[in-house]
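Please look over the sequence and fold first.

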Amino acid sequence: MEAVASIEPERPGAAGHSGLPQTMYRRHVEDCDLPSNAFTFDFMSDYLTMMDILAKAIARELDAACAITPLQYRILIRLSAAGAAQAKELSCEMGVGASTMSAAVAKLSDKHLIRRRESAADMRAVELSLAPRGVEMLDIADAAVLAIMAEYWESLTREQFEAAIASSVSAVERHSHLRMEDGRPRIDTALVDTVMISRALTAHALQAQGLTTGDYRVMLALRLMGGRCPSSAVARFLFLNSSDITSCLKNLEALGYLTRERSQENRRVRVVELTAAGAERLAELLPVVFDALHETCHSSDELICVHISAARDLVARKRQRGDF
């Protein structure tokens, strides 16, 4: 880790769409319906799938090791560095709603991992700080996260690994606070933050369009699978259970973006098909999703290419192993 901890993050170049650095990939997604740019649907699907896989792995390990969520883990990290903070500040920094932050803080307090006290500057405000038990729990959580990140790092080429670090440091500098250790960024924490930041930005962008990230991933899967297939096959393609996409299918059907019907061969099987309106909306929103992902760290074309290769390699390996 020390060999790459000092890598400088990629800095923004010339401003492009919405103030983001202009990239060749942005032009490709704008013209995604051209046959030569059909690959943009593939790489977007694989990138979103990689983010989902990593987020779930992190959440699973944190729950098993210390029964906390990724958000609660990030709160503990922030308080360990800041000494004290208010829930409102944490909510803004981490891009979550006040009610979500309040619930996370309450659970940490109930477990005696953080302390609450009235602010000396404002008696109406409550300051949060890390309790001794929280310090101990943070060490346990760090070990669990490091194990997940180490497994992910081992699957990367040197180029992919260095790109992940450069972009992660840039993402955290833009949207959060770098966790320093011996004067260097704590890389595993930066990668965890980047996954959460990227997912939050994507979710917010799609929410403004009336969709969830799951909805959009289902539409992408259907296009890549030929537009029509059993709903169970869509779930497997996304490394999910059928029940995980039920609400997505209902929402997309209500919006007119797909149809669902019983299979003539097997009435227990539901066949879903992307409608013309769904295909049009999918293409229309591809630049929106790309911009949300690009906003994470403002990567250059070169870094974007490396990230795409990492995502495609990870997803391809999981498909080969049958990890569904």
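Q: In which order do the 3 strands of the open sheet with S1, S2 and S3 lie?
A: This is a predicted model, in which local features need pLDDT of at least 70 and side-chain atom pairs count only at pLDDT 80 or more, while totals for chains, interfaces and linings use all residues. Residues are numbered from 1 along each chain as its sequence is written, and side-chain values use heavy atoms, with hydrogens and water left out. Helices (H or I, at least four residues) and strands (E, at least two) are DSSP runs, numbered from the N terminus, and two strands pair if DSSP finds at least two bridges between them. The pairing in this open sheet is antiparallel, and the order is S1-S3-S2.

Q: Which strands stand at the edges of the sheet that holds S1 and S2?
A: An edge strand here has a single partner strand, so one side is left without a neighbour in the sheet. That applies to S1 (85-86) and S2 (114-118).

Q: Which residue of S3 stands opposite Gln 86?
A: S1 and S3 pair in the antiparallel sense over 2 bridges. Gln 86 faces a residue in S3, and that residue is Glu 127.

Q: What angle does the direction of helix H5 make with that of S2?
A: H5 covers residues 98-110 and packs on the sheet, touching S2 and S3 (contact means heavy atoms within 4.5 Å). Axes are lines fitted to C-alpha atoms, for helices over the stretch in contact, and angles run from 0 to 180 degrees between N-to-C directions. The angle between H5 and S2 is about 110°.

Q: Is Leu 128 buried or exposed?
A: Leu 128 lies in strand S3 (residues 126-130). Beyond its neighbours within four places in sequence, its contacts include Leu 79, Leu 90, Val 105 and Ile 114. Buried means under 20% relative accessible area, exposed over 50%, and partly exposed in between (1.4 Å probe, protein chains only). With a relative accessible area of 3%, Leu 128 is buried.

Q: What is the strand order in the open sheet that contains S6, S7 and S8?
A: This sheet has 3 strands with antiparallel pairing, in the order S6-S8-S7. S6 (228-230) and S7 (258-262) each have a single partner strand, so one side of each lacks a neighbour in the sheet. The twist averages 25° from one strand to the next. To name the order again, it is S6-S8-S7.

Q: How many bridges join S7 to S8?
A: S7 and S8 (residues 270-274) run antiparallel. Arg 260 stands opposite Val 272 in S8, and Leu 258 has Leu 274 as its bridge partner there. The number of bridges joining S7 to S8 is 5.

Q: How far apart are the axes of H3 and H6?
A: H3 (residues 70-82) and H6 (residues 132-154) pack at an angle of about 120°. Angles under 35 degrees count as roughly parallel, over 145 as roughly antiparallel, 65 to 115 as roughly perpendicular and the rest as oblique, so H3 and H6 are oblique to each other. Their contact includes Tyr 73 and Leu 76 of H3, with Leu 138 and Ala 141 of H6. The axes are 11 Å apart.

Q: What relative accessibility does Ser 198 have?
A: Ser 198 is in helix H8 (residues 187-207). Not counting residues up to four places away in sequence, Ser 198 touches Tyr 47, Met 51, Leu 293 and Thr 296. Ser 198 counts as buried, with a relative accessibility of 0%.

Q: What is the phi of Asp 182?
A: Asp 182 sits in the loop between S4 (180-181) and S5 (184-185). Asp 182 is exposed, with a relative accessible area of 77%. Although Asp 182 is not a glycine, its phi is positive, at about 55°.
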